[in-house]
Amino acid sequence: MSVVAVFNQKGGVGKTTTSLNLLAALAQRGRFPLGIDLDPQSHLTLSCGIKSLPSSDTVYAFYSENKPLSQLMRELPSGAHIIPAHMELFKVDSLYGRNPNITSQLKRGLTQELLPDEMIPVVIDCSPMLGVLSLNAVFAAQRLLIPVSADYLSMQGVNRLDAALRVLEKPLGKRIDRRIVVTRFDSRRRLSYDIYDKLREHYGKDLCETRIAETVSLAESPVHGRDVFTFAPHGQGAKDYNALAEELIGSGFFNPA
C-alpha cells in the first residue's frame, strides 16, 4: 500500500484538482486507488459528484464512531474509490485534539484494513490547515505531494511548509519524501517561468518536471462532478495530469513503501 498526502497550507493552489485527477489517472492504469477527503470543506467529495451525505457515511464517522474505513468507501465511475468528507470534520480538532493517539488514528486504520493489499494507492486530500486532520494525513503518508500555483505568495507558502515539515520529521525520525508540482502555470506570463526556475533552484529533484497549465476544463470539471479525463479528455488539463501521473509512477512515487 502506498499512501500519498496532497497538502499545502495555502488554499487555491489546485490541491483538490490534483487529488481528483490523479485518482482518475491511477484508475485508468488499473491501480484501483482510494481517495480520502480529509477537508471539512468536502471539495474532493463534491468534485466527485457526491452530495448531501449524513456524517455517519463519511470519514467523520471514522473519528467519532470508530467506524471501519472499509464501510465508508464508495466506488466512482472511474473505478477509483473515495471515502467522503463532511463539514462535521471541523469538530475533530476541538473534540479529539487532546487525545495523544489522535494523530496516528488514520495510519492505524489504513494499516489494519488495507495493508494486506499492497497494490492499493491511497491519495489523501488534506485541509489547508496544519491541525489534527492534516497531521493524521502526514503521519499516515509515506510521501507528500505539494501543489504550488505559479505565483509569488504560493512560492513563499511552500517555503514555510517545508520548514514545518522539517520540524515534523524530528519525531518521525526520518525525512518525509515529497514532490512539489507547479499548478496554474500560464505560459504567457514570464512570472510563471521565474517561479518554476526558483523552485527548481531551491528544491532540485523534489520538483516535478510536469507543470499543470491553467485551463478552463480543470476549473469546470468539478462543477459537473467529473474528473478532467471524462470532462475534456483531449484538453491540455488531461494531457498535463496524464503526464504528472506518468512522472510520479515512473519515479516510484506510488510504489509501496
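## Close-up views of a predicted model

View 1. In strand 5, the residue bridged to Val-6 is Asp-125. This is a predicted model, where local features need pLDDT of at least 70, side-chain atom pairs count only at pLDDT 80 or more, and totals for chains, interfaces and linings use all residues. Residues are numbered from 1 along each chain as its sequence is written, and side-chain values use heavy atoms, with hydrogens and water left out. Strand 1 (residues 2–6) runs parallel to strand 5 (residues 121–126), and five bridges join the two. Strand 6 (residues 143–149) also runs parallel to strand 1, joined to it by three bridges; here Ala-5 has Leu-144 as its bridge partner. Strands count as paired if DSSP finds at least two bridges between them. The elements themselves are DSSP runs numbered from the N terminus: helices are H or I with at least four residues, strands are E with at least two.

**View 2. The two faces of strand 1.** Ser-2, Val-4 and Val-6 point one way, while Val-3 and Ala-5 point the other way. Buried means under 20% relative accessible area, exposed means over 50%, and partly exposed is in between (1.4 Å probe, protein chains only).

**View 3. Inside the largest nonpolar core.** This core has 51 residues, and Ile-36, Tyr-63, Leu-106 and Ile-124 touch the most other members. Helix 6 (residues 132–140) supplies the largest share, seven residues. A second, separate core has 31 residues, including Ile-50, Cys-208, Leu-248 and Phe-253. A nonpolar core is a set of buried Ala, Val, Leu, Ile, Met, Phe, Trp, Tyr and Cys residues joined through side-chain atoms within 4.5 Å. Now zoom in on Ile-124: leaving aside neighbours within four places in sequence, its contacts are Val-3, Val-4, Ala-5, Val-6, Ile-36, Leu-38, Leu-106 and Ala-137. Contact means heavy atoms within 4.5 Å.

**View 4. Lys-15 meets Asp-39.** The side chains of these two form a salt bridge, 3.8 Å from N to O. Lys-15 sits in helix 1 (residues 15–28) and Asp-39 in the loop between strand 2 (34–38) and helix 2 (43–47), so the pair ties together parts that are 24 residues apart in sequence. Lys-15 and Asp-39 are both buried. The structure holds 17 salt bridges, each a side-chain nitrogen of Lys or Arg within 4 Å of a carboxyl oxygen of Asp or Glu.

**View 5. Charged pairs around strand 7.** Asp-206 and Arg-179 join their side chains in a salt bridge at 3.9 Å, N to O. Asp-206 is in the loop between helix 8 (190–203) and strand 8 (207–213), and Arg-179 is in strand 7 (residues 177–185), so this pair links parts 27 residues apart in sequence. Asp-206 counts as buried at 9% relative accessibility, as does Arg-179 at 16%.

**View 6. Helix 1 crosses helix 11.** The axes of helix 1 and helix 11 (residues 236–250) come within 9 Å and cross at roughly 70°. That makes the two helices roughly perpendicular, the word used for 65 to 115 degrees; under 35 is roughly parallel, over 145 roughly antiparallel and the rest oblique. Axes are lines fitted to C-alpha atoms, for helices over the stretch in contact, with angles from 0 to 180 degrees between N-to-C directions. Among the residues that meet here are Asn-21 and Leu-22 of helix 1 and Tyr-241 and Leu-248 of helix 11.
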